[in-house]
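Me: I would like to learn how to read strand pairing and helix packing from a model. Please take the features one at a time.

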Amino acid sequence: MTAPVDVPAIEIQGLRKSYGSNEVLKGVDFRVGAGEVVCVVGPSGSGKSTLLRCVNRLEEADAGQILVEGVDIRDPETDLNRVRSRIGMVFQQFNLFPHLTVLDNLVLPQRSVMGRGRAQASEVAMSNLERVGLAEKAKAHPAQLSGGQQQRVAIARALAMDPDMMLFDEPTSALDPELVGDVLAVMKSLASEGMTMMVVTHEMGFAREVADKLVFMDGGVVVEEGLPSEMLAHPQSERARAFFARVH
Ligand code: ADP
Ligand code: MG
């Protein structure tokens, strides 16, 4: 289902989402072009994770349109599993199986979701561990790895499913500061390979260097978006100005 290049990877219009009486997305328009890296920043509680989770319907939106590679994922006719199989997700928590080796953490989902045989799944797993610089840890268990290494394994696990796009929700927020750089380096190399990426992050250096577009959210709306270098140097809104002053 690789989409033609002119179809956006993600196209969201008028997205609304409430939890009870708390409206956390108040009409969000959001777009990620094929091959683009879009970083989403904003204060805690502004709706960043909810937006990201709506993209593969981990959350059900209340209103609005969500197209993934041109497919309306809110349409009941849509094969959601098929759409989800095109989207790799990486969260703050790595969610590796502690009782499995690193290799088997990558092999298992390929076998159960994609129906790959063990030999092929192992081969794909090894090439993706190589990609994140951890081939030598294939036989280790997650507890033997640093947090940064575990997150790189989680990235490799997502990549092993051959996604068209990768969504990251604060992938470095749970890491000790000295481990952040290796994870960002892996994400940077993915971006340079042309992977489509939506990245919720507080790493402004990464956003400035890697993102094609920076999106600033606050209070359930997109307040501002643009080229990272321009936005960071000259934020248009007072809210963005105040936020960037705090996170710099
Ligand atoms: P961010 O990722 O920007 O910190 P979130 O999308 O996680 O923001 O949360 C936005 C708002 O929605 C917050 O007020 C949060 O408390 C609320 N919220 C998020 N998830 C749930 C949930 N499952 N149930 C109730 N409220 C939620
Ligand atoms: Mg969040």
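What follows is a dialogue on the sheet and the helix contacts.

Me: What conventions apply here?

Reply: The model is predicted, so local features need pLDDT of at least 70 and side-chain atom pairs count only at pLDDT 80 or more, whereas totals for chains, interfaces and linings use all residues. Residues are numbered from 1 along each chain as its sequence is written, chains are lettered from A and ligands numbered from 1 in the order in which they are written, and side-chain values use heavy atoms, leaving out hydrogens and water.

Me: In what order do the four strands of the open sheet run?

Reply: Strands of a sheet pair through backbone hydrogen bonds, either parallel or antiparallel. Strands here are DSSP runs (E, at least two residues; helices are H or I, at least four), numbered from the N terminus, and two strands pair if DSSP finds at least two bridges between them. The order is β2-β1-β4-β5, with antiparallel pairing. β2 (22-32) and β5 (71-72) are the edge strands, each pairing on one side only.

Me: Over how many bridges do β1 and β2 pair?

Reply: Eight, in the antiparallel sense; one example is K17, whose bridge partner in β2 is L25. The hairpin of these strands has two residues between them, and G20 there takes a positive phi near 60°.

Me: Which helix lies across β1, β2 and β4?

Reply: Helix α1 (residues 48-55), running at about 120° to β1 (10-19). Axes are lines fitted to C-alpha atoms, for helices over the stretch in contact, and angles run from 0 to 180 degrees between N-to-C directions.

Me: How do α5 and α6 cross?

Reply: Angles under 35 degrees count as roughly parallel, over 145 as roughly antiparallel, 65 to 115 as roughly perpendicular, and the rest as oblique. The axes of α5 (residues 147-159) and α6 (residues 177-192) come within 8 Å and cross at roughly 20°, which means α5 is roughly parallel to α6. Contact means heavy atoms within 4.5 Å; among the residues that meet are I155 and L159 in α5, and V183 and L190 in α6.

Me: At what angle do α3 and α4 cross?

Reply: Roughly 125°, with the axes of α3 (residues 102-114) and α4 (residues 118-131) coming within 9 Å. The pair is therefore oblique. Residues that meet include L106 and V107 in α3, and A121 and V124 in α4.
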